[in-house]
Amino acid sequence: FFVNQVLAAASFPVAAWLSKRIGLVNTMVYTHLPSNVCLVLIPFVSERNVYCVILLRGFLSQMDVPARESYMTGIVPRDERVACS
């Protein structure tokens with residue numbers, strides 16, 4: 001669990017860089033879909049590779065969080081942001 005959470009935290013700067021290049025919504029979509037594909041693949045990969053797939057999913061699954069928060073901050077009026085978060 002520790003390595004998975006470290007990878008999730010390491011994905012935040014990558015998500016910021018990616019959102020500058022392809023946009024916030026595309027970052028949310030293009031990182032969340034492969035994460036879900038990894039989740040579907042877990043039962044079908046060998047025991048040796050399942051750890052790699054789980055770690056890859058941990059890296060990808062949290063990449064949409066900074067992009068989503070930034071997007072919501074941008075479209076929600078300032079006085080409504082506390083309720084949005």
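1. Overall layout. Following the sequence, the protein chain reads α-α-α-α-α. In total, its secondary structure amounts to five helices and zero strands. Please keep in mind throughout that this is a predicted model.

2. Dimensions and surface. The C-alpha trace of the protein chain spans about 50 × 25 × 20 Å along its principal axes. Its accessible surface is about 6100 Å², and carbon and sulfur atoms account for 66% of that. The protein chain has 85 residues, of which 22% count as buried.

3. Contacts along the sequence. Take the contacts in the protein chain between residues at least 6 apart in sequence: 68% of them join residues at least 24 apart. The helix pairs below give a picture of where some contacts of the chain are made.

4. Helix α1 against helix α3. The crossing of α1 past α3 is right-handed. From α1, the contact involves Val3, Asn4, Leu7, Ala8, Ala10, Ser11 and Val14, and from α3 they meet Ile54, Leu55, Gly58 and Phe59. By class, this α1 and α3 contact holds eight nonpolar residues, three polar and no charged.

5. A closer look at Ser11. Setting aside residues up to four places away in sequence, Ser11 touches Phe59, Gln62 and Met63. With Gln62 the sequence separation is 51 residues, while the C-alpha to C-alpha distance is 6.9 Å.

6. Helix α2 against helix α3. Next comes α2 (residues 24-41), whose axis comes within 8 Å of that of α3, with a crossing at roughly 155 degrees. The pair is therefore roughly antiparallel, as the angle is over 145 degrees. Here α2 passes α3 in a left-handed crossing. On the α2 side the contact is made by Thr31, His32, Pro34, Ser35, Cys38 and Leu39, and on the α3 side by Val53, Leu56, Arg57, Leu60 and Ser61. Sorted by class, the α2 and α3 contact has six nonpolar, four polar and one charged residues.

7. A closer look at Leu60. This residue sits in helix α3. Why does Leu60 count as buried? Its relative accessible area is 14%, and buried means under 20%. Apart from neighbours within four places in sequence, Leu60 is in contact with Thr31, Pro34 and Ser35. Leu60 and Thr31 lie 29 residues apart in sequence, yet their C-alpha atoms are 5.6 Å apart in space.

8. Helix α1 against helix α2. What angle do the axes of α1 and α2 make? They cross at roughly 120 degrees and come within 7 Å of each other. These two helices are therefore oblique to each other. Their crossing is right-handed. Ala15, Leu18, Ser19 and Ile22 supply the α1 side of the contact, and Leu24, Asn26, Thr27, Tyr30 and Thr31 the α2 side. By class, the α1 and α2 contact is made up of five nonpolar, four polar and no charged residues.

9. A closer look at Asp64. Finally, please look at Asp64, which is found in helix α4 (residues 64-75). Asp64 counts as buried, because its relative accessibility is 8%. Which residues does Asp64 touch, not counting those up to four places away in sequence? They are Met28, Thr31 and His32.

Terms used: Residues are numbered from 1 along each chain as its sequence is written. This is a predicted model: local features need pLDDT of at least 70, side-chain atom pairs count only at pLDDT 80 or more; totals for chains, interfaces and linings use all residues. Side-chain values use heavy atoms; hydrogens and water are left out. A crossing is left-handed if the near helix is turned anticlockwise from the far one by less than a right angle, and right-handed if clockwise. Helices (H or I, at least four residues) and strands (E, at least two) are DSSP runs, numbered from the N terminus. Contact means heavy atoms within 4.5 Å. Ala, Val, Leu, Ile, Met, Phe, Trp, Tyr, Cys and Pro count as nonpolar, Asp, Glu, Lys and Arg as charged, and the others, Gly among them, as polar. Axes are lines fitted to C-alpha atoms, for helices over the stretch in contact, and angles run from 0 to 180 degrees between N-to-C directions. Angles under 35 degrees count as roughly parallel, over 145 as roughly antiparallel, 65 to 115 as roughly perpendicular and the rest as oblique. Buried means under 20% relative accessible area, exposed over 50%, partly exposed in between (1.4 Å probe, protein chains only). Accessible areas come from the Shrake-Rupley method with a 1.4 Å probe; for residues, only the protein chains shown count as cover.
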